[in-house]
Amino acid sequence: MSGRLIAPSLGELRKRKSTKWREYEPDVLPLPVAEMDYPIATPIIDAVTEMMHRSDTGYLGKFPELGLAFADFAQRRWNWQVDPESVRMTTDVGVATIEILRALGSPGDRVVIMPPIYPAFYNWTTEIHFPIVEVPLLKDGVTYSIDFAGLEREFASGVQFFIISNPHNPLGLIFTDEELKKIAVLAKKFGVIILSDEIHAPLTYKGETFTPFGKVSDEAREQVITLTSASKAWNLAGLKCSIFFTENGALHEKLEPLVKGIRSRASLIGAVSHVVAFSECDEWLESAIDTIEENSQYFAKLVAKEWPTVQISKPRNSYLSWVDFSSTRLGEDPAAELLEKSRVAISSGIPFGTGGKHHARLNFATSPEVLKEAVTRITPCL
Ligand SMILES: Cc1ncc(COP(=O)(O)O)c(C=O)c1O
């Protein structure tokens with residue numbers, strides 16, 4: 001049994017100090033950055049409060065509880081056996097990606113991604129001079145699919161890495177076992193290392209099946225490094241903690257020199273809160289999924305009624321909607337115009353790479369009232 005999570009009033013939310021609530025003027029309704037408006041799970045609040053009362057705010061060292069908690073969660077949720085001892089810890093998925101690429105490659109190594117995609121994939125790789133190779137998802141109306149011929153072409157050309165958002169931000173796509181297996185076979189054939197960013201995975205909707213990439217086949221077990229965190233699903237991004245692991249023994253060894261240095265860049269509060277999230281907060285997670293799934297349906301209904309020419313993705317996971325405004329009066333960057341004209345902040349599609357023009361991403365992990373207000377404000381601008 002799980003209930004709906006209730007977002008605090010806008011007045012309360014505006015007291016938050018996170019970027020979502022500080023970035024814009026007070027008259028702007030913010031629906032951009034991927035964090036949720038709901039109160040976080042009570043066991044996490046209790047655990048962090050208790051740490052504060054004990055002044056337990058020192059440096060983070062070894063934390064075997066985290067690998068154990070995640071391995072248990074992966075077993076319960078996805079029937080996936082993860083070796084707790086293989087689990088490494090760092091600040092966030094961004095730091096993990098950058099440090100793994102640095103450890104396994106060198107500047108100039110090319111990285112394949114499938115846009116439209118979470119913009120930080122561009123930022124992280126650019127920061128360390130690993131050029132991006134885009135293999136855009138194939139678009140047919142609101143349906144997107146993997147361009148396998150494109151992947152094969154680029155893998156064959158000697159790229160070193162492939163980063164996948166599994167499930168996919170911003171589309172809320174879940175890839176099938178068959179699709180993942182096919183990618184793994186190609187990666188093995190051409191020696192491409194796969195970084196599978198599974199940060200949104202726990203937020204998969206009821207009735208949908210998420211498959212961890214590292215679980216699908218022997219090829220996947222050899223080629224994949226999994227990166228994840230409790231930060232999206234339990235709304236802990238500011239507490240700074242993430243994990244990564246691989247079943248490939250040689251890759252695991254190559255990453256060993258990183259371990260001590262990057263572990264201490266996470267926070268003790270982050271590690272403790274992640275252990276609690278993975279081990280004591282299933283019920284809260286079910287409520288979060290129910291809440292965002294209902295909001296997704298509500299938003300789709302509002303769009304069908306108020307914006308009949310606008311197409312939106314049909315997410316099967318998480319709380320992001322990819323909105324195609326190309327049938328409207330808005331130009332290439334609808335988010336910029338809407339911020340100006342309707343005082344609603346959504347994410348510009350342009351940083352999501354090829355396929356991002358005329359699109360924007362809207363975060364619906366808020367109250368139905370805020371969603372309705374956002375739609376009402378935007379309607380006259382279309
Ligand atoms: C696919 C994906 N990966 C990574 C992140 C960011 O993760 P972190 O804060 O752990 O770097 C996000 C945040 O929205 C995301 O959507």
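Biologist: How do the residues of the lining of the largest pocket divide into nonpolar, polar and charged?

Modeller: They divide into 21 nonpolar, 13 polar and 8 charged. Ala, Val, Leu, Ile, Met, Phe, Trp, Tyr, Cys and Pro count as nonpolar, Asp, Glu, Lys and Arg as charged, and the others, Gly among them, as polar. This is a predicted model, where local features need pLDDT of at least 70 and side-chain atom pairs pLDDT 80 or more, while totals for chains, interfaces and linings use all residues. Residues are numbered from 1 along each chain, and side-chain values use heavy atoms, without hydrogens and water.

Biologist: Why is this called a pocket, and which residues lie nearest its centre?

Modeller: On a 1 Å grid over the protein atoms alone, a pocket is an open set of points where a 1.4 Å probe fits, with protein on both sides within 12 Å along at least five of seven lines; a cavity is a set the probe cannot get out of. Lining residues have an atom within 4 Å of a point. The largest pocket has 42 of them, and Ala-34, Glu-35, Lys-232, Ala-237 and Gly-238 lie nearest its centre.

Biologist: Which domains supply the lining of the largest pocket?

Modeller: Domain 1 (10-39 + 282-381) and domain 2 (48-280) each give at least three residues, with bounds from an automatic or database assignment.

Biologist: What lines the second largest pocket?

Modeller: Its lining has 15 residues, with Glu-85, Val-87, Arg-88, Val-259 and Arg-263 nearest the centre. They divide into 9 nonpolar, 1 polar and 5 charged.
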